[in-house]
Amino acid sequence: MSSPPSASASSSPPPCPKKMITLRSSDGATFEIEETAALQSKTLENMIHENCASTLIPVPNITGEVLARVVEFCSKHAEAGVDDESLGAWDEEFVAVDHTTLFDYIRAANFLEIPTLLDLGCQTVADMIKGKTPDEIKKTFKITTACTPEEEEEVRGENQWAFE
Amino acid sequence: MESLPIEVIGSILSRLAAARDVVVASATCRKWLEARRKHLRSLSFSVGDWSGYRDYGSSQAGIWITQTIFQTAGLESLSLQLDDVDEELSASAVVAWLLYTRETLRSLRYNVRTIGDVNILEICGRQKLENLVLSHNSISGVEPNYYRFAGLKSLSLSHVSISALDLSLLVSTCPKLEKLDLISPVIAMSDAQVTVEVSSATLRHFYIEATSLDKFVLEADSIESLHLKSCSLELFELIGKGTLKHFKIDDVSVLHLDIGDAVDNLDTVDVRDFTITSPKFFQMISKSAKLRRLRLWDLMFDDEDEIVEIETIALCFPQLSHLSLSCDLRDEVLLYGLHGCFHFENVVVLELGWTFLNDLFSDWVKLMLKCCPNLKKLIINGVVSDLKTHEERQLLANFTLAIVCVMREYVNIEVVFVYK
């Protein structure tokens, strides 16, 4: 996107009323989102530029429940005049959810290429992992496709120093 | 969790960053192991995270670090905080780590003590580095024809020994540099050279801390923020094109300070603990009609002519929205300007502070409140740790009562107390 030569660093209000985009989730629910908020998703940005005429974008991989929250996140982060501290507090509350929901957010952020949400989700999981042993991690996140004992031995053997 | 793509697991491990945590977590399952091997972008080895790097000896730590780094592919960010060790690491091991990662590395934090020199500039110049934080090292023999940091945007040198000439040359090898931090630099100067001169057309942010130099000249046509902290200088000169927006001085004494004539874009001026010995300091900023935030805190005026009257502040800066003032009211000097009929029309946040509390302070608060008709927030900032005698504590009690009365009168103003 090119900007006019005289534009300042901060965004100026668009000359026309805010353009709304409609997203349709995998289970058929629709959600409206301002175009400025939708641009936080690189995937949506590309789709908007390609399908200029249509304002309905299907998002087949994401359920209505998750999509609603993702729309909320993007809208909040596109808001002007929110200071870093309150946005940080809002983000903290946003990710204070059960693991399944958190992974849904991460998956959605990955699919829609929303760097802010992906960073937030991944950092939250990283903070949960820190200091835990592999067994504890398996239990916390209910991972069943775990390493076989031989595979685990292989890792431990290679990097024994980390397991002391 | 199991349906998360492997790249996302890599992102999660990258945010974990601390090497030991990453290795342990990757033993959870085969997918995580592969994520560490192929999709890990960020790794950190720090004595602060695990004392084992020090406790098991540098030679052992060196082996483990080498193993772990060599098990990765495509690392973009590497942090080596291995200064607090009992013995120095082998230079050849460290060079091996840097050579292995240099083609993809974008960010390097390097604080390592080695036996023998590691020439970071030579190893990492001509590569993709965008961010370099160097601590407790020395730089010499900069060769601008031999290497360029074509992508370097941010450079931080902390406790680094470098000559004035090499510093100047180093900045010239960074055509895209936007941020430069110099913290406790040990700048050697030859007898012929008394001035440190740094020039960058792309530099936007400059920070210098804990140094005493004769003369520092910064030429930066795109500079937006300038921050000096705990410095003692004879001369500091900024040569630019009037792009400066944020100017911060903290615990600095400088005989001659010059930020140029074009100060139209100044948005924030934050001055604290500053000995104003340079003439016309206030005149220098007084032409910044767009100024929105001003802090004048713990100032010492060598020259009575320099004392700023509050009325002058109101007249020079009509757009001011945040004002922070603290002074030693024993002089009664700053109350002089408060009998005029001027207003800070746009000030919404007012911060007033004392270092020595006396009866005059609450009067000052009341007078200032009258001058700020649109105030939304008042911050009272005071030092209370040295109020020890009964009289002194009584002063605080009287002051508290006075402020309670003020708060009853100005019910729409949020009041915050910050006591140290």
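This is a predicted model: local features need pLDDT of at least 70, side-chain atom pairs count only at pLDDT 80 or more; totals for chains, interfaces and linings use all residues.
Among contacts in chain A with a separation of 6 or more, 57% are between residues 24 or more positions apart.

The interface comes next. The size of an interface is often given as the accessible area lost when the parts come together. For chain B and chain A, this buried area is about 3,100 Å², with 61% of it on carbon and sulfur atoms. Chain B contributes 33 residues to the contact and chain A contributes 34 residues. The two chains are also joined by 3 salt bridges. B:Arg37 and A:Glu158 form a salt bridge, and their closest N and O atoms lie 2.8 Å apart.

Helix α5 (residues 58-70) and helix α6 (residues 91-101) of chain B have axes that come within 10 Å and cross at roughly 10°. Angles under 35 degrees count as roughly parallel, and α5(B) and α6(B) are therefore described as roughly parallel to each other. On the α5(B) side, the contact is made by B:Gly62, B:Ile65, B:Thr66, B:Ile69 and B:Phe70, while α6(B) supplies B:Ala93, B:Ala96, B:Trp97, B:Tyr100 and B:Thr101. Sorted by class, the residues of this contact are 7 nonpolar and 3 polar, with no charged residues.

Charged pairs are found elsewhere. Side chains of opposite charge can pair when their charged atoms come close. Over all chains, the whole structure holds 23 salt bridges. In chain A, A:Glu72 pairs with A:Arg69, the closest N and O atoms being 2.9 Å apart. Because A:Glu72 and A:Arg69 are 3 residues apart in helix α3 (residues 64-78) of chain A, about one helical turn separates them. A:Glu72 is partly exposed at 37% relative accessible area, and A:Arg69 is partly exposed at 27%.

B:Asp250 sits in strand β15 (residues 246-258) and B:Lys229 in strand β14 (residues 225-239) of chain B, 21 residues apart. B:Asp250 is buried, at 15% relative accessibility, whereas B:Lys229 is partly exposed at 27%. Chain B also has a network of salt bridges linking B:Asp270, B:Arg272, B:Arg295 and B:Glu351.

Two residues of chain B other than glycine deserve a look for their positive phi values. Phi is near 50° for B:His136, which belongs to the loop between β6 (131-135) and β7 (138-139) and is partly exposed at 38%. For B:Asp273, phi is near 55°; B:Asp273 is found in strand β16 (residues 268-276), and its relative accessible area of 32% makes it partly exposed.

Notes. Residues are numbered from 1 along each chain as its sequence is written. Chains are lettered from A and ligands numbered from 1 in the order in which they are written. Side-chain values use heavy atoms; hydrogens and water are left out. Axes are lines fitted to C-alpha atoms, for helices over the stretch in contact, and angles run from 0 to 180 degrees between N-to-C directions. Helices (H or I, at least four residues) and strands (E, at least two) are DSSP runs, numbered from the N terminus. Angles under 35 degrees count as roughly parallel, over 145 as roughly antiparallel, 65 to 115 as roughly perpendicular and the rest as oblique. Contact means heavy atoms within 4.5 Å. Ala, Val, Leu, Ile, Met, Phe, Trp, Tyr, Cys and Pro count as nonpolar, Asp, Glu, Lys and Arg as charged, and the others, Gly among them, as polar. Buried area is the accessible area (1.4 Å probe) that two parts lose on being put together, summed over both. A salt bridge is a side-chain nitrogen of Lys or Arg within 4 Å of a carboxyl oxygen of Asp or Glu. Buried means under 20% relative accessible area, exposed over 50%, partly exposed in between (1.4 Å probe, protein chains only).
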